[in-house]
Amino acid sequence: MADKVIYAMYDDDDETKDAAQKMVDKGIHIADVFSPFPIHGIDPIIGIKETRLGIVSFMFAITGTMLAMITIRYMMFVDWNMNIGGKPNFAFLENMPSFIPIMFEFTVLCAAHGMAFTYFVRNGLFPGMPAHNPDPRTTDDRFVVEIRPEDNNQFSFEELSAFVKTTPIVEIEEKVIQ
Amino acid sequence: MEYQISDKAKKVTLGLAALGLVLMIIGFFSQKEYVFAERLDEHSVKVEYWGKADESQIDGLKAKLISEMENKGYALDFHEAHSHDEHAEGHGTHHESPTFLWNIHLSHLEGEGHGGHGADGAQAIVDLCESGTISFFDSHWRRFWSNLLINGFFFFGISLGALFYLALQYATESGWGVVLLRVYEAIAQAMPIGIIVLVLVFITGAFGLHSIYSWMDPANVEADHLIWKKSGYFNQGFFWLRVIVYFGTFLFFANWFRKMSRKEDNEGGTEIHFKMYRKAALFLVLFAVFSSTMSWDFIMSIDIHWYSTLFGWYTFSGIWLTGMIMVIMIVGYLKSQGYLELVNKSHIHDVAKWMFALSFLWSYLWFSQFMLIWYSNMGEETIYYWERIMEYKYLYFTMFGLNFALPLIFFIARDVKRSWSFIIVIGTITFIGHWFDVFMMVMPGTLHDEWSFGLLEIGMFVLFLGAFVYTVLKSLGKAPLMQENHPFFEESKHHHF
């Protein structure tokens, strides 16, 4: 049997949040919420795991700092000794203050780009990829809550859709997915 | 929602102030005037002293040194050198002679037998002098005035930071922080403490009781071309005009915001809010100018030859940060007493985010100022850091390291910003750290290498802290804790993320 899925559509972020809270209180498991912008406070309600993007960001940042230090040291002290700021001591550590801005910028560069690309890869976002959201309007002004009956075996499909209809939805769509 | 300062809080804060006063007085009368000892070789030491002391005090000190060394098994032989010429060779820059200069020769006492195990008597004398065992007691006022300036400016800055943030909330029409605004107002109400103390320091400086501001002395202006060049800005008339304008503006706005929000409590409506919105924008413009020039006038002009264009921002970031720390501490205290039940974890998280961000702003500006001067390496600029690094090295870099690294390591995590225990511990350390930042702005310019940190410093800080918190809690009790007629009150109540 093909899986069925319920898409409940709302037109306000707070109503989406309240409806999600109501459903979760009833014991319904919500598969996902689609929204044009982040809804603050919805993650713990629908039980999304905490993102690990921060850890990735930290690793990219450390890589950036290291790369900057290695490159600066090679260019300024190994390959060609430079007299920096009138202090010809030719030692990386003693000239460190003058490289802090570069190291900082390179850290930020690596962290930001690494984080963005990790995000794209993890979510399968490449040019020409098909859209994953159920309705194009979720990129504009609509909020969609996705409920899969197979996650909620304790309820029948009719019960689920009847309960969803008690929340302030603007539209409901029941789809068969392959 | 009415808050009244509890008897316990009253006792604790006023008790702190009284304790601070006692410590300060003890510290004041036990100040040490150090003598300087230099080890020449194993058997001879040069001891000199440049301060004030009469003959009997000097003899007393000499007797004490002899008996101290007798216990260690040495006999001392004093050669007093009074010759001006001999001295001028050694100290080209000094034109006066020291109060005394002893060339001490050490010899072992008969039958003691200490020399056998490599004890260094010359080093022992140096240690005695450096530890302050051999020193004069001198209740001189310089340290007192410097401390008064440090604490006056630090606590004035806390109030000013809170007032600035209050105006920022109105000018940006922020909704989330409305439930906290009364705390900002109350902290801004404690501004007169700092102002009175600062004015006291300025007046005594103007009458020549201390020389913190060397440009106030006409003789220095005559003698010093660089000061003379700056006398168009740094002269007493213009300075006092500026002081009156700064303090007048700040006090006016602190009281005006208070008055208007009280009026809003009674009348409601949005008219008062828009009035405050416009006035807050005006205040921010004035503050932008005054906070910079104020830091030049009060702090940067101590080192009158030195200047840094970043200084105003650097001082301002410290002021703002300490203001935020004070706010979160007062909020934490009130919540622990069962008040401010509308303040939830999200509000606390937001204020803690400010503590995190402002620590970075401060570290960024501190380092930028340091790096630019270090890099360009010009004598008239590096003198500022030379003094700090030569005489205050560990304190200076520990202060910077803690104020930078602690918020960086801990406050980066979301849960830490929501945990009171972390906020209180790190907040307290950075609060004290920023007191040391102000200490480091003032002391190297006033006491140079003759600084010390003792009961006088601790006592005066505790005195000010007690009095300041008492004033804040007292003025919190004069108005309801919630601005229920604020247009964004409802939004703030539901602040959640």
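Trainee: What conventions apply here?

Mentor: Residues count from 1 along each chain as its sequence is written, while chains are lettered from A and ligands numbered from 1 in the order in which they are written. The model is predicted: local features need pLDDT of at least 70, side-chain atom pairs count only at pLDDT 80 or more, and totals for chains, interfaces and linings use all residues.

Trainee: Which residues of helix 4 of chain B are buried?

Mentor: An α-helix has 3.6 residues a turn, so residues three or four places apart point the same way. Helices are DSSP runs of H or I with at least four residues, strands are runs of E with at least two, and both are numbered from the N terminus. A residue is buried if 20 or more other C-beta atoms, placed from the backbone, lie within 10 Å of its own, exposed if 12 or fewer, and partly exposed in between. In helix 4 (residues 121–131) of chain B, the buried residues are B:Gly121, B:Ala122, B:Ile125, B:Leu128 and B:Cys129. They lie on the same side of helix 4 of chain B because their arc around the axis, taken from the directions from the axis to the C-beta atoms, is only 120°.

Trainee: Where does a positive phi occur in a residue other than glycine?

Mentor: Most residues other than glycine have a negative phi. B:Glu173, however, has a phi near 50°, in the loop between helix 5 (142–171) and helix 6 (181–189) of chain B. B:Leu340 also has a positive phi, near 50°, and lies in the loop between helix 12 (311–336) and helix 13 (345–376) of chain B.

Trainee: Is B:Leu340 buried or exposed?

Mentor: B:Leu340 counts as buried because it has 23 C-beta neighbours inside 10 Å.
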